[in-house]
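Subject: Structure handover

Hello,

Here is the structure for your files. My notes on what was found follow below.

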Amino acid sequence: ETTWERPSSVPGTPKSPPANSPSVLTVNGYHISGTPVHQLDSGHMSLRKASGDPQVSLGGKSQTVVSKNKQVSTEINCVTFPHPDVMPEQQLLKPSEWSYCDYFWADKKDSQGNNTVSGFEILLQKQLKGKQMQKEMAEFVRERIKIEEEYAKNLSKLSQNSLAAQEEGTLGEAWAQLKKSLADEAEVHLKFSSKLQSEVEKPLLNFRENFKKDMKKCDHHIADLRKHLASRYAAVEKARKALTERQKDLEMKTQQLEVKLSNKTEEEIKKARRKSTQAGDDLMRCVDLYNQAQSKWFEEMVTTTLELERLEVERVEMIRQHLCQYTQLRHETDMFNQSTVELVDQLLRKVDPAKDRELWVKEHKTGDIRPVDMEI
């Protein structure tokens with residue numbers, strides 16, 4: 001069961017639902033089940049105007065409840081909203097931010113403009129899209145890991161190449177160290193790929209493993225509440241129709257009795273009046289049950305949308321942290337790669353052609369007697 005309650009006296013919290021949030025159903029100008037009309041708190045800083053004619057912009061089946069020549073509320077897809085003429089503004093539940101719980105009460109037409117999609121379904125689609133994006137990011141990192149592994153393998157293979165292995169002297173030492181640095185660099189990239197797998201890819205894949213199952217539970221729960229609300233709405237319409245018929249029957253019998261066009265007795269009139277009264281009581285009971293169902297749906301919608309919002313914030317923050325880990329590992333890899341060539345740089349600075357020539361001559365000289373000119 002939900003732990004959310006409509007805000008009342010909490011400082012800084014609106015006392016009424018957001019614009020386009022469901023209203024209490026009315027009958028003959030009175031709110032059923034003792035629920036008052038949501039009034040605006042004039043002292044609150046954040047107000048929002050209801051946008052457009054909901055019967056036009058929101059689509060779906062709609063009906064307007066008229067009381068005393070004023071449109072009190074309008075029903076759209078079995079949900080009752082306050083009519084803009086009666087309540088032009090409503091407070092946001094979270095006025096300081098663009099929160100899910102304030103902007104997804106009404107249904108919206110799909111991209112083809114044929115069917116309507118509930119606001120909650122739109123939120124679910126975003127959550128599922130976010131999960132897919134997270135999965136694709138993990139796949140991207142997996143491709144990077146493969147590249148790093150292949151790169152490390154090729155570097156290691158190249159370090160064992162025998163090309164220029166016979167270079168001698170200080171240049172030969174630098175060349176040998178350069179080849180060895182490839183093997184060291186291969187090890188760095190291999191470790192980088194391993195850390196990418198354990199510290200970036202795996203957490204991305206494992207985060208909220210039961211996400212889809214949890215989303216399905218939320219979807220079924222809210223969908224069941226909407227179905228229950230729709231059935232209560234149908235009961236209200238049926239009771240409203242029955243009341244109209246009873247009132248017409250009572251009015252007709254009363255008129256016939258007054259003009260003496262019928263042998264209807266006063267007892268029959270009383271019976272018709274009792275049936276009309278009973279029909280009115282049935283309607284009020286159905287409206288009361290409808291308002292209870294809508295209140296339950298309202299509260300669960302707020303609770304669930306706030307939870308979806310929390311999960312989205314958690315998802316984004318989790319991905320941000322692991323991408324930061326990726327860049328940190330990348331910086332470390334660059335640093336280690338740099339260290340593998342530092343010794344190469346040192347040896348290259350010590351390359352001395354004169355010394356190399358001296359060492360080579362000493363090892364390979366054939367003699368220091370120079371030829372002389374031939375005498376006659």
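N291 is buried, with a relative accessible area of 7%. The residue belongs to helix α6. Its C-alpha atom is 8.7 Å from that of R232, although N291 and R232 are 59 residues apart along the chain. Please keep in mind that this is a predicted model, and that the values below are computed from it.

The chain as a whole

The chain contains seven helices and nine strands. Of its 376 residues, 35% are buried. Among contacts with a separation of 6 or more, 76% are between residues 24 or more positions apart.

Helices α4 and α6

Two packed helices are described by the angle between their axes and the distance between the axes. For helix α4 (residues 169-206) and helix α6 (residues 266-349), the angle is about 170° and the axes are 9 Å apart. An angle over 145 degrees counts as roughly antiparallel, so α4 is roughly antiparallel to α6. Sorted by class, the residues in the contact of α4 with α6 are 18 nonpolar, eight polar and seven charged.

V188 lies in helix α4 and has a relative accessibility of 12%. Because the cut-off for buried is under 20%, V188 counts as buried. Apart from residues up to four places away in sequence, V188 touches T333, F336, N337 and T340. V188 and A152 are 36 residues apart in sequence, and their C-alpha atoms are 8.0 Å apart in space.

Helix α5

Helix α5 (residues 211-258) is where K253 is found. The helix has 48 residues and spans 70 Å from its first C-alpha to its last, close to the 70 Å expected at 1.5 Å a residue. The buried residues in α5 are F211, M215, C218, I222, L225, L229, Y233, V236, A239, L243, L250 and K253.

Which residues does K253 contact, leaving aside its neighbours within four places in sequence? They are I269 and A272. K253 has a relative accessible area of 17%, and it is buried because that value falls under 20%.

Aromatic pairs

A pair of aromatic rings is described by the distance of the centres and the angle of the planes. The count in this model comes to six aromatic pairs. One of them is formed by Y100 and F104, with 6.1 Å centre to centre and 85° between the planes, which is edge-to-face. Y100 is buried, at a relative accessible area of 13%, whereas F104 counts as partly exposed at 23% relative accessibility.

W105 and F298 form a stacked pair, with 4.7 Å centre to centre and 10° between the planes. This pair links distant parts of the chain, as W105 and F298 are 193 residues apart. W105 sits in the loop between α2 (100-103) and β8 (108-109), while F298 is in helix α6. Both W105 and F298 are buried. Ring pairs also bring in W297, so that W105, W297 and F298 are linked into a cluster.

Backbone points to check on screen

Most residues other than glycine have a negative phi, and most peptide bonds are trans.

- N77 is not a glycine, yet its phi is positive, at about 50°. N77 lies in the loop between β5 (70-76) and β6 (79-82). With a relative accessible area of 17%, N77 is buried.
- A164 is not a glycine either, and its phi is positive, at about 60°. A164 lies in the loop between α3 (119-159) and α4. At 43% relative accessibility, A164 counts as partly exposed.

Buried or partly exposed: which applies to N77, and which to A164? N77 is buried, and A164 is partly exposed.

Regards

How values were computed
Residues numbered from 1 in each chain as written. Predicted model: local features only at pLDDT ≥ 70, side-chain atom pairs only at ≥ 80, totals over all residues. Heavy atoms only, no water. Axes fitted to C-alpha atoms, helices over the stretch in contact; angles between N-to-C directions. Helix = DSSP H or I, 4+ residues; strand = E, 2+ residues; numbered from the N terminus. Parallel < 35°, antiparallel > 145°, perpendicular 65-115°, else oblique. Nonpolar A, V, L, I, M, F, W, Y, C, P; charged D, E, K, R; others polar. Buried < 20%, exposed > 50% of the residue type's maximum accessible area, 1.4 Å probe, protein only. Contact = heavy atoms within 4.5 Å. Phe/Tyr/Trp six-rings, centres within 6.5 Å; stacked < 30°, edge-to-face > 60°. Expected span 1.5 Å × (residues − 1).
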